[in-house]
Structures are given as structure tokens and as C-alpha cells.
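Hi,

Here is the structure I promised to pass on.

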Amino acid sequence: MGGAFSSASRTVSQLQAAGSDTEKEAAVKALGELAGTGPGRREEIVKAGAVPLLVGLVQSGSLRAKELAAGALSHLALTPGNKTAIAEAGGIRAIVELMRNGVGESKGAAAAAVANLTSGCAANQTAVAKEGGISLLVQLMEDSLPQVQGWAAVALGNVVLQHKDNQTLAGKAGGIEVLVRLAKSSEACSGVEQAPPGSSAFPISCRRRAVEQPKGNLCPEKRKGWMVKTLSCLAYSHERNQQLLVMAGGVALLVNFVGSDPPQIKLEAAKALCNVLSGCTEAKASFSESGGELVLNKLAGDSKNGDIAAALFANVCSGPEDLCPSVIAAGGVRTLINLLASAGAKGQQYAATALCAMAERDQENKTLIVEAGAIRPLVQLTSKGTPHAAVWACKTLASLAEGNPGNKKLIDEAGGAGVIDRMNLLGNMTITGLESETPKPRES
């Protein structure tokens, strides 16, 4: 650590002593490279007094110095405690101003800094919006330079992540339409679950935390992935943005990505669909019109995507819109039964939830579910699954048995005697506040 401090202190001193633009650019470049070597170095650089110097260069340095200083601040902001120090030194205002008046790649460096300053920091998310940064990021996503486009998309995702006001601002600024258009163009060349009272079905949303280190280039596939992630953040628990995404053609685009894109983009598109389908009637109609049910069955066939496929099934089958007939016609019942055994713990819960939603629609659905062989795996889930999965398996079995003595007998014969009584004791128990799987914070 002593060596780290010596390196940091020496490099900061060189920046302080630099006179010409060339000297300043060399010193800030060295500082940025040092900041990229690890969290310990970043902490020491801040302690050595680098932040005010870097903010000053972003404000009044040469064009190259501004770009390099923004990059150095972006590296420093990867350490959570440094985000506040940079903001307190006026860094957010300076960075947003660079996005507004910068030239060429300096705007991309500024957007990358915004991405790291706002990741996991609600105060900085609010500060960026206050400085007018959201509309600027939307504009930068249409910049002529691909790297600027990419970092603006990453930054916008972090700025709006679980921040309702910022989601609204980004939607009003046209961010959704721009992202859908860019994602379509790249195609040619990324939550909380809650059961409403009295209902067995519930919307599932996928949250994601975006942390990117501005090192190297964002390749076309990576840019496309971040555009999809940002669409997911904009749609998360925000009904108006979900509607805007539908109107922009985003649901059909996401269905296509799930059906044909590389694995990582496929997964992010599935998560985005999960978010937009969690509470939007129009989204479900668009999903079905785009052949989403068949694509969903295909997604569920890949064991790596079992949990997110089951979550999508739960959202598609729940709510007042009845897509169950088209899900059933596409072979969804058999797929869901397979997921009861093959998916992860959350996937099993979601699969049972989807089957429960189907069973509660009408008697014909109950018959199809039973004839497809759902009773035995549901009974097994009541004793071998997680507590949440067991509850939803119990609720599904109770629904299958309601008004149908034949189904009740089959449940008893499968070893489920007493399951219905257990469900009656639980009453209208609901599950709230559970989180679906999300990507972990990372540095690239």
C-alpha cells in the first residue's frame, strides 16, 4: 500500500506541477492509467488530492486533457466512496457540461464517467438529471461516433435505474424511441415480484445494475446488449414507458432478439420483455402478435434460460388479458411441466405460478393441465421445492381440485393427500418483495 500511495502522490504532484498543455495531458494520462489498476490505487489517488485537479481540467483543460480527465474520473468512480467526493468537487456539473459542449470522443468519455458516477448512487442520478444530463444522453445516443452512442446508452441505463423520476424524464425525452431505432439498426448490421391481494398470479420484473469501466472499445454486439439493458431499465415498473416501448415497436424487436440473437443478448432481451410484460396490456398483445409464445417455448428449451423463461410464462399468463389459449396452443403446458423439474428454484416457482394462472381461468385449462401430467411434479414440489415454490404448487393443486372431485382423487393418489388442507390453512397468502435474478456489478 505504501508503494501505491507513493505512485499516486507522485503522479498527482506531477499534474499539479505541469505547466504546458502537453505536460498536463501526459500527467493526467498517467493518472488515469494508474486509476485503472485497482480499487486500492483509486482510493490513494483521491486521498492525494487528484479530484479537484481533474474536475478543473474537465472544465478548462485542452480538448485532449478534458477527455483524459473525464476518463480518469470515470475510473475513480468505480470505487463507491469516490462517487460522492467527485460530486462534491463539482464533477457532475463539469462532466455534464462536457457532454453538452465537448467534441468527438470527449463526449463519450464524459458519458462513460456519468455511467460510473451514477451506478448505485441515487444522489448522483438525481444530480445528473438536475443538470439536464438525461436529454443530453438521449442526444448523444444518436451521435455519429459509435463509441459515443454506446457509452451514452450505458450511462442512460444507470441514470434511470430504479429511479422513477428519471425514467419519466428519459421517456419524455424520446429515449425509448431512439434506443429501439438504434437496436433495430444494429440488428441489420439489460426484479421485484408481487402478488396482488386475492390473486395467485403476479408480475415479475428484472432489475439490473450496470457498472462499466471505460477501457477499450464497445464492440457492436456489446453496444447492442447495453441498448437492450437500458430499455429494460426504462420499462422496469413504469407503465407509461412500457406503453412507449410498445408504440416504438420494441416488443416485436425484443421477441426477435430472444428468438435469434447470441446468448447474452437473448438473455437481456428476455429480461426486458419480462419487465415490459409485467403490467402493460398493450405489450402482451404485441408479444402475441409477434409470435412470442413459440419463441418462449424455444427459450425454455435451453436449460440456462429456464428461470427467465418461466418468469416470462408467469407474466404472459397472469393479469386480465387471457393469453393462456395461445400459450397452450404453442405447447406451453408441457413446457411448464418440464420446468417444474428442470428449472432453478425461482424458475420452479414461476412455472407453478403460470400453471396456477392457467388453472384459474377455466375448467378446460384444468383438464389440459392434468392430462399433460402436471399433478405428480406439483405434488413433489410441495415437499421438495423452496417455501415459495411449495406455496405456488399448493395453490395450483388447490385450483385444480376446486369443483373437480376427479382431480382431487388424482392428487391424493399422487401423494398429495393433505396438500389442499394445507392450502386452506394458508388462505389467501401472497408473496411479495421477492427479487428475480439479475446481473452482478462488474468491471469490464
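To start with, how many residues apart are Glu33 and Lys29 in helix α2, and what does that come to in helical turns? Glu33 and Lys29 are four residues apart in α2 (residues 21-35), so about one helical turn separates them. Before I go further, do keep in mind that this is a predicted model.

Salt bridges

The side chains of that pair do meet: Glu33 and Lys29 form a salt bridge, with 2.7 Å from N to O. Glu33 has a relative accessibility of 48%, so it counts as partly exposed. Lys29 comes out at 39% and therefore goes into the partly exposed class too.

Glu97 is partly exposed at 35% relative accessibility, and Arg100 is partly exposed with a relative accessible area of 38%.

The other pair is Asp322 and Arg361, whose side chains form a salt bridge at 3.6 Å, N to O. Here the partners come from two loops: Asp322 is in the one between α20 and α21 (324-329), and Arg361 is in the one between α23 (345-359) and α24 (363-371), so the pair ties together parts that lie 39 residues apart in sequence. Asp322 has 38% relative accessibility, which puts it among the partly exposed residues. For Arg361 the relative accessible area is 27%, again partly exposed.

Helix packing

Next, the pair α19 and α20. Helix α19 (residues 292-300) packs with helix α20 (residues 306-317) at an angle of about 150 degrees, and their axes are 8 Å apart. Why call the two roughly antiparallel? Angles over 145 degrees count as roughly antiparallel, and therefore α19 and α20 are roughly antiparallel to each other. The crossing of α19 past α20 is left-handed.

Which residues make that contact? On the α19 side they are Leu296, Asn297, Leu299 and Ala300, and on the α20 side Ile308, Ala309, Leu312, Phe313 and Val316. Sorted by type, the residues of this contact are eight nonpolar, one polar and no charged.

Gln162 is not a glycine, yet has a positive phi of about 55 degrees. You'll find Gln162 in the loop between α11 (146-160) and α12 (164-172). Is Gln162 buried, partly exposed or exposed? With a relative accessible area of 35%, Gln162 is partly exposed.

Ser237 belongs to the loop between α14 (220-235) and α15 (239-247). The relative accessible area of Ser237 is 37%, so this residue is partly exposed.

That's what I have for now. Over to you!

Cheers

Conventions
Residues are numbered from 1 along each chain as its sequence is written. This is a predicted model: local features need pLDDT of at least 70, side-chain atom pairs count only at pLDDT 80 or more; totals for chains, interfaces and linings use all residues. Side-chain values use heavy atoms; hydrogens and water are left out. Axes are lines fitted to C-alpha atoms, for helices over the stretch in contact, and angles run from 0 to 180 degrees between N-to-C directions. Angles under 35 degrees count as roughly parallel, over 145 as roughly antiparallel, 65 to 115 as roughly perpendicular and the rest as oblique. A crossing is left-handed if the near helix is turned anticlockwise from the far one by less than a right angle, and right-handed if clockwise. Contact means heavy atoms within 4.5 Å. Ala, Val, Leu, Ile, Met, Phe, Trp, Tyr, Cys and Pro count as nonpolar, Asp, Glu, Lys and Arg as charged, and the others, Gly among them, as polar. A salt bridge is a side-chain nitrogen of Lys or Arg within 4 Å of a carboxyl oxygen of Asp or Glu. Buried means under 20% relative accessible area, exposed over 50%, partly exposed in between (1.4 Å probe, protein chains only).
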